[in-house]
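This report covers aromatic contacts, the nonpolar core and the pocket of one structure. The structure is shown first.

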Amino acid sequence: MIVVSAAIAAAFALPGCAPKGYDSTDYGAQPAANEVAATAGPEATATPGATPGAETDDGADEGGDAPELSDDEVTSELSAAKVKRMGETVQNQDGFVLYRFDKDKVKPEVVSNCKGDCAKVWPPALINKGEKPKLEGVDSDLVGTVEREDGTLQLTLDKWPLYTYIGDKKPGQWKGQNVAGTWFVVTPEGKKNLTCLPAVSKAVAPPADDKEKGGDGGGDAESDSSGSDYSY
């Protein structure tokens, strides 16, 4: 039984199940088992200052002080799409795969616990008050919003806040799968897609500020996809 279990766990880490561009040195030595994909429990505490019970099925009902976002800052579409080796995903208007975070909360209220550098690596899928994303293959009854600490509205799917990953450089990539054992590709039903589960990996570093780049725009911390200590 132990041998069989080990073989199943190791299968998740096979390169054939990894995202395109997979490099085994980017990932942890231990293969990920389904246990690491379990929804975070009581340890996922609410973010200080977050608005309790802010999640709603209609973003127009909340976020009175939400800042107005430009067109390139909002997620205007949520589309169900299949990709090789992973299967069902949800993608934004640019074709980038969306993720959910086990350390977020959905009960008793929805809370996004990804902020600061975390939100730079995992940009939240935002929308303006009163707007709704165009949906394709996604049930409108499952789509809502949650107010973040800065007043912006983040899209949710089955109450789980949605994010993209800066480690994904091209549409359809899903290098964020199983990062830190807490980030997972989201399905059109808001569930974790565990079809392919590479070994636990580390997130890429946050983008460098202009002053860290020397003010000339050169050097990009997020271009290093070899992994970092930013596990979040």
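A nonpolar core is a set of buried Ala, Val, Leu, Ile, Met, Phe, Trp, Tyr and Cys residues joined through side-chain atoms within 4.5 Å. Buried means under 20% relative accessible area, with a 1.4 Å probe and protein chains only. The model is predicted, so local features need pLDDT of at least 70 and side-chain atom pairs count only at pLDDT 80 or more, while totals for chains, interfaces and linings use all residues. Residues are numbered from 1 along each chain as its sequence is written, and side-chain values use heavy atoms, with hydrogens and water left out.

**Core.** The largest nonpolar core has 21 residues. Those with the most contacts inside it are Y99, C114, V121, W122, Y165, W174 and W183. Two or more residues come from each of β3, α2 and β9; α2 gives the largest share, three residues. Helices (H or I, at least four residues) and strands (E, at least two) are DSSP runs numbered from the N terminus.

**Aromatic pairs.** Six aromatic pairs are present. Rings of Phe, Tyr and Trp (its six-membered ring) pair if their centres lie within 6.5 Å; planes under 30 degrees apart count as stacked, over 60 as edge-to-face and the rest as tilted. Two of the pairs are tabulated.

| Pair | Centre to centre | Angle between planes | Class |
|---|---|---|---|
| Y99 and W122 | 5.5 Å | 80 degrees | edge-to-face |
| Y163 and W183 | 5.0 Å | 85 degrees | edge-to-face |

Y99 lies in strand β3 (residues 99-101) and W122 in the loop between α2 (117-121) and β4 (126-127), 23 residues apart. Y163, in the loop between β8 (160-161) and β9 (183-185), is 20 residues from W183 in strand β9. Y99 and W122 are both buried, as are Y163 and W183. Ring pairs link Y99, F101, W122, Y163, Y165 and W183 into a cluster.

**Charges over rings.** A charge sits over a ring if NZ of Lys or CZ of Arg is within 6 Å of the ring centre and within 35 degrees of the ring normal. R100 lies over the face of W160 at 3.9 Å from the ring centre, and the charged end of K192 is over the ring of F184, 5.1 Å from its centre.

**Pocket.** On a 1 Å grid over the protein atoms alone, a pocket is an open set of points where a 1.4 Å probe fits, with protein on both sides within 12 Å along at least five of seven lines; lining residues have an atom within 4 Å of a point. The largest pocket holds about 360 Å³ of space, a volume being the space filled by probe spheres set on the points. It is lined by 17 residues, and the closest to its centre are D72, N92, P123, P124 and T164.

Conventions
Buried means under 20% relative accessible area, exposed over 50%, partly exposed in between (1.4 Å probe, protein chains only).
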